[in-house]
Amino acid sequence: MRVLAGLRRAGLPYLLLLPALLLELLVHLVPMVIGIVMSFKDLTRLHIGDWGTAPWKALGNYRVTVDFDAPVGATLLHSFFVTCAFSVLTVGLCWLLGTTAAIFLQENFRGRGLLRAVFLTPYALPVYAAVITWAFMFQRDNGLVNHVLHDQLHLTDGRPFWLLGDHSFLALLVVSVWKTWPFAFLVVMAGLQNIPKDLYEAAALDGAGLVRQIRRITLPALRPINQVLVLVLFLWSFNDFNTPYVLFGKAAPEAADLLSLHIYQSSFVTWNFGTGSAMSVLLLLFLLVVTAGYLLATSRGRKHADG
């Protein structure tokens, strides 16, 4: 009886996890496997009705994708560099804004709760509603951005097209940082609650100023949280599809052609699902390698710091 009771207790956690595992299998793993199979087929609109009959292409789609001298590979490589620049800037700015706001809102003052609520508002808004609002604000003739920058502050010579041309990258970056940095603020603010105030009081008695306290106490204490936060922000920004899709539509300008939207256009606009699936698999492999390398580097860094 004791053995049976022990087995029941040991199996209860797995039984409770079973619904989540089944949903994970149906929502993520099965489509992932199907996408990998599709990447080896010559799947176009001719076979979309019954994609199982599409000719087997083996590694043909991957050869086309990584042939950077051909148009498909060249545009994919350009999109990759744009996405890397976009992700690095988004992660850096979100972390900087979130950390700065969280540190300065640690002090007690009147209106602190209201400021915290205001800072979290972009994160609480629905993504589509927020990005559509920004799209209206970036309109050339009637948008609020040009009205303020050109008509009120006279910072631009003319009314730039924020959703076309080279300015589109800046517009995309602004929207992404605006809607994402409150998450960094929330995570860092929660991490700051675990730092004893006695450390700051002792440092102040030793003559340490605000900047030195942040360098010697705050940032080292937040290192484990920041390591996870940076990884999550990078994966979110690198895979971001909703923001460029709502902001630009099905085809983004060349300066803001992120990989997610580029793969969507290759698959659902040109109807070349085999090539699009190959691009998705390569993106998945790249993110797995980056994530594994990052986790390995951070784990070694923690061991070195502890040692």
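By class, seven nonpolar, five polar and five charged residues form the lining of the second largest pocket in this predicted model. The space inside the second largest pocket comes to about 490 Å³. Its lining counts 17 residues. Nearest the centre of this pocket lie Ile103, Gln106, Glu107, Lys197 and Tyr200. H9 supplies the largest share, with four residues.

The largest pocket was examined next. Its volume is about 630 Å³. Lining residues number 24, and those closest to the centre of the largest pocket are Pro31, Met32, Gly35, Ile263 and Ser280. Two or more residues of this lining come from each of helix H1 (2–38), helix H12 (259–269) and helix H13 (273–306). H1 gives the most, nine residues. The lining of the largest pocket divides into 15 nonpolar residues, eight polar residues and one charged residue. Domain 1 and domain 2 each provide at least three residues to the lining of the largest pocket.

The domain assignment sets out how the chain is divided. Domain 1 is made of two segments, 34–66 and 272–306. Domain 2 covers residues 82–267. The centres of the two domains, taken over C-alpha atoms, are 29 Å apart. Domain 1 brings 15 residues to the contact, and domain 2 brings 13 residues. The size of an interface is often given as the accessible area lost when the parts come together. Between domain 1 and domain 2, the buried area is about 1200 Å². Carbon and sulfur atoms give 72% of that area. On the domain 1 side, the residues that lose the most area to domain 2 are Leu283, Leu287 and Tyr294. Together, these three residues account for 38% of what the domain 1 side buries.

An unreviewed UniProt entry carries the annotation "transmembrane region" at residues 12–37, 80–105, 117–137, 169–192, 221–238 and 277–297. Two of these spans are described here. Residues 12–37 are 100% helix and 0% strand. The end C-alpha atoms of residues 12–37 lie 36 Å apart. Residues 80–105 are 96% helix and 0% strand. For residues 80–105, the end C-alpha atoms are separated by 37 Å.

The unreviewed UniProt entry also places the feature "domain: ABC transmembrane type-1" at residues 80–294. In the model, residues 80–294 are 75% helix and 0% strand. The end C-alpha atoms of residues 80–294 are 19 Å apart.

Definitions and conventions: Residues are numbered from 1 along each chain as its sequence is written. This is a predicted model: local features need pLDDT of at least 70, side-chain atom pairs count only at pLDDT 80 or more; totals for chains, interfaces and linings use all residues. Side-chain values use heavy atoms; hydrogens and water are left out. On a 1 Å grid over the protein atoms alone, a cavity is a set of points where a 1.4 Å probe fits but cannot get out, and a pocket is an open set with protein on both sides within 12 Å along at least five of seven lines; lining residues have an atom within 4 Å of a point. Grid points are joined across faces, edges and corners, and a volume is the space filled by probe spheres set on the points. Ala, Val, Leu, Ile, Met, Phe, Trp, Tyr, Cys and Pro count as nonpolar, Asp, Glu, Lys and Arg as charged, and the others, Gly among them, as polar. Domain bounds come from an automatic or database domain assignment. UniProt positions are given in the numbering used here, feature names are shortened, and annotations may be inferred rather than shown by experiment. Contact means heavy atoms within 4.5 Å. Buried area is the accessible area (1.4 Å probe) that two parts lose on being put together, summed over both.
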